[in-house]
Amino acid sequence: MREPKEPRIKGLINKQWWSALLWALGVILLYKLVGDLSGLLRTIGKLASILAPFIGGLVIAFLLYRPVNAVENFLKKRRAAFWRRPARAWSLVLVYLLFLGVIALAIAVIVPVLVQAVTGLISSLPTYYTTAVNFVNKHSGEGGIFESLNLREVVNGVYNFVLNHLTVANVIGYLSGIISITGSLINVLISFIISVYMLAGRESLISTVSRVAGAFLPSRAARLSAHYTRKASDIFMRYIYSMLVDAVCVCILLIPGMYISGIPYPLAFAVFVGIANIVPYFGAIISGAFSVLMLVLVGEWGMALFLAVYIIVVQQLDSNLLQPRIFGQSVGIQPIYVLLAVTVGGGLAGFLGILLGVPAMAVLKILISDLIAHRNRVRREKEEAQAMEVTEE
């Protein structure tokens, strides 16, 4: 009766040896990767550049999935077979035409306004500097409000910093860097084509990913991965769309105040503050203060005060009225965690980290909350089982 146990014990020992070997190989691999972190980053960057069209296509497909799906469901309910039968093809055509139209409108209208504003501000820097120096000199003398402060060095330092960094050549360099990141025109075209194929065959693509995950993961782990992947994608998608809608609303609300205040390039500053509003808390404060400073530098103190009050009112309307309606429960995390997400995300991945740090924190919050709930449920069930055992005894 004891003979069959030997193969089981031997198999168990072999399984333990294989597990130990895999763990050892994993530790060695992790040590090598950490030891040559720069080489790892170069390899990842090279792989990302090779796969850039596919990554771009995945991003475009992710952003356009919801509108394509909504248009397709709408067309399927039409009585006319002309719209109902090829509903998917029509939804792709309509959504992509709208998407390309928005991009073309931004390039044709918004980009020239921003470029004109930047170049105009660069050419006006000496005037602003002279105004600031005169103001500081006037109030830094004996009995002045800035007598105890050495603001002249501060003004000179800020001016030299801006003069060295905010030049036409540097702006062109920044734009070139953005273009190089987004890729060449051919890569962009390939990304659009790939995104169309992804959205056209999205059920097959999702099914393939699910089968691959099921083949390499235990069934429970595969189900949990699919569940939280859907939750995370839904949070990211709703957050991105809500954020863009909120930025457009803030921009529209700011345009009248910018024109009334007489600030140079009012449309450009309205767009600037609206885009900066994407960054929670910090974006609105910094962009608003910069806009008010532009009026102070040209000596328009009354209009600067008016613009400051106007921006504060718009920000309060946005925080208390627009954002709760637009964002809803897309994030649902406390302000302290929003600040933490912005700080950590910006430190790790720059502007992209700031942009995606908040929804990432929301996903992390869901994972931690579900983990805590699971542990509490297991502990409660164990305590109930122990109580039942004691009662039976």
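**Close-up 1. Helix H12 and its buried residues.** Helix H12 is largely enclosed by the rest of the structure, because eight of its 11 residues are buried. Buried means under 20% relative accessible area, exposed means over 50%, and partly exposed lies in between (1.4 Å probe, protein chains only). The buried residues of H12 are Pro-266, Ala-268, Phe-269, Ala-270, Val-271, Val-273, Gly-274 and Ala-276. Helices here are DSSP runs (H or I, at least four residues), numbered from the N terminus. Please keep in mind that this is a predicted model: local features need pLDDT of at least 70, side-chain atom pairs count only at pLDDT 80 or more, and totals for chains, interfaces and linings use all residues. Residues are numbered from 1 along each chain as its sequence is written, and side-chain values use heavy atoms, with hydrogens and water left out.

**Close-up 2. Tyr-265 in the loop between H11 and H12.** Tyr-265 sits in the loop between H11 and helix H12 (266-276). Its phi is positive, about 55°, although Tyr-265 is not a glycine. With 29% relative accessibility, Tyr-265 counts as partly exposed.

**Close-up 3. A salt-bridge network around Arg-88.** Glu-72, Lys-76, Arg-88, Arg-202 and Glu-203 are linked by salt bridges into a network. A salt bridge is a side-chain nitrogen of Lys or Arg within 4 Å of a carboxyl oxygen of Asp or Glu. Glu-72 pairs with Arg-88, their closest N and O atoms being 3.2 Å apart. Glu-72 lies in helix H3 and Arg-88 in helix H5 (residues 87-123), so this pair ties together parts that are 16 residues apart in sequence. Glu-72 is buried, at a relative accessible area of 3%. Arg-88 also forms a salt bridge with Glu-203, and here the closest N and O atoms are 2.7 Å apart. Glu-203 is partly exposed, with a relative accessible area of 47%.

**Close-up 4. The salt bridge between Asp-234 and Arg-66.** The structure holds six salt bridges, and one of them joins the side chains of Asp-234 and Arg-66 (2.8 Å, N to O). The pair links distant parts of the chain, from Asp-234 in helix H11 to Arg-66 in helix H3, 168 residues apart. Asp-234 is partly exposed, with a relative accessible area of 30%. Arg-66 is partly exposed too, with a relative accessible area of 35%.

Close-up 5. Patches are made of residues with over 30% relative accessible area and no salt bridge, like charges being joined within 9 Å and nonpolar side chains (Val, Leu, Ile, Met, Phe, Trp, Tyr) within 5 Å. Arg-223 belongs to helix H11 and counts as exposed, at 54% relative accessibility.

**Close-up 6. A nonpolar surface patch.** Leu-47, Ile-50, Leu-51, Phe-54, Ile-55 and Val-59 make a nonpolar surface patch of about 560 Å². Two or more residues come from each of helix H2 (37-50) and helix H3 (52-76). H3 gives the largest share of the nonpolar patch, three residues, while Leu-47 is found in helix H2. Accessible areas come from the Shrake-Rupley method with a 1.4 Å probe.
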